Amino acid sequence: MSPSPHLRLAFGLALALVILSGAPTANAQAAPGPQQGSTLGSRLETLDVYSPSMQRSIPLEILRPTDTSTPAPTLYLLNGAGGGEDGATWKAQTDVAQFFADRHVNVVVPMAGAASYYTDWRRPDPGLAKTGENNGRNMWTTFLTEELPPVIDRKLHTTGANALAGLSMSGTAVLNLAIAAPELYRSVAAYSGCAMTSQAPGRQFVSLVVEAGGGDADNMWGPPGDPEWTAQDPYVNADKLPPIPIYVASGTGLPGTHDNLANPRLKGNAITLGSQIVLGGVIEAATNYCTHRLADRTRDLGMTNVVFNFRPTGTHSWGYWQDDLHRSWQTLADALGVPR
């Protein structure tokens, strides 16, 4: 089923929002070296982990459980297109710290990776190097699935059980990461991501998200038509998703409970609210199309481990992703073997 002209227009408007929003705020490069950490309060820690494949250190924010005397599993939580290098982060925009305060789990949030799709790139990207003030090497699949987990398990004395969740750009990435490392995660959750990356208009959406961050998608998966685009398409490769509990959510783009001036994230700004309703609605309608196609694909494959939550309302915004995290925690917690 190909997207209707209306949905193609929706993708076009969504891409316009990405371009108009500008590149993510750059952050200073962490110096290579051994893992270093500093405590921010009793539960929140920062940690720099050196990535041999990227030849640079990656900053993390880690929420520890209240009781650290007993090993806990790990939830890797990925930020969106800004990669945590701007103000659009899980900690800044949601109640993640409060929500996990009484839950026995380590929450690990990489604070880098803007516009990278958290994938392994073919070559260093000069644009992303300038944006992120780093060397432009992006080997995120390698880092997240091979380099980082052993460091986290050793330093935090974890149970070795892992789950993974992401939103928007990383809502696509978490599905690819699950395919790349089918034995690593016990459960995965994707919120408002577009699983179709190799076909129009999803391919154009990926390219322009990367371009909005200053990068060139040719350096990521090659030029349009390169087989790597198909290899990195969770919709096409849905049959390779591991047989673990997978939670996928999206809204319709229609205004909902978080699309009003009572939303504290909007700070009473009517212009910001209008942008969230109109442009955020268009983006969510576009990702909703992708998610429905993924649901059709997994149903045709007879996959019963993928649960879809199609919200009747909701724009592409943080209030709904906070709700999605809360709802999906039941699935993630059960897979990790901890109380909900």
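1. Of the protein's 340 residues, 58% count as buried, where buried means under 20% relative accessible area, exposed means over 50%, and partly exposed lies in between, with a 1.4 Å probe and protein chains only. This is a predicted model, in which local features need pLDDT of at least 70 and side-chain atom pairs count only at pLDDT 80 or more, while totals for chains, interfaces and linings use all residues. Residues are numbered from 1 along each chain as its sequence is written, and side-chain values use heavy atoms, with hydrogens and water left out.

2. The protein exposes about 13,400 Å², and carbon and sulfur atoms supply 55% of that area; accessible areas come from the Shrake-Rupley method with a 1.4 Å probe, and for residues only the protein chains shown count as cover.

3. The secondary structure comes to 11 helices and nine strands, with helices (H or I, at least four residues) and strands (E, at least two) taken as DSSP runs and numbered from the N terminus. Among contacts between residues at least 6 apart in sequence, 74% join residues at least 24 apart, a contact meaning heavy atoms within 4.5 Å.

4. Side chains of opposite charge can pair when their charged atoms come close. The count of salt bridges in this model comes to eight, a salt bridge being a side-chain nitrogen of Lys or Arg within 4 Å of a carboxyl oxygen of Asp or Glu.

5. One of these pairs is Arg122 with Asp226, whose closest N and O atoms are 2.7 Å apart. The pair links distant parts of the chain, 104 residues apart, since Arg122 sits in the loop between strand E5 (106-110) and helix H4 (126-132), and Asp226 in the loop between helix H8 (218-221) and helix H9 (227-231). Asp226 is buried, with a relative accessible area of 15%, whereas Arg122 counts as partly exposed at 44% relative accessibility.

6. A salt bridge also joins Arg299 to Asp296, with 3.1 Å between the closest N and O atoms. Because these two residues lie three residues apart in helix H10 (residues 270-300), Arg299 and Asp296 are separated by about one helical turn. Arg299 counts as exposed, at 54% relative accessibility, while Asp296 is partly exposed, with a relative accessible area of 22%.

7. The side chains of Arg340 and Asp334 meet in a salt bridge at 2.7 Å, N to O, and Asp334 is partly exposed, its relative accessible area being 45%. Glu284, Arg311 and Asp324, in turn, are linked in a network of salt bridges.
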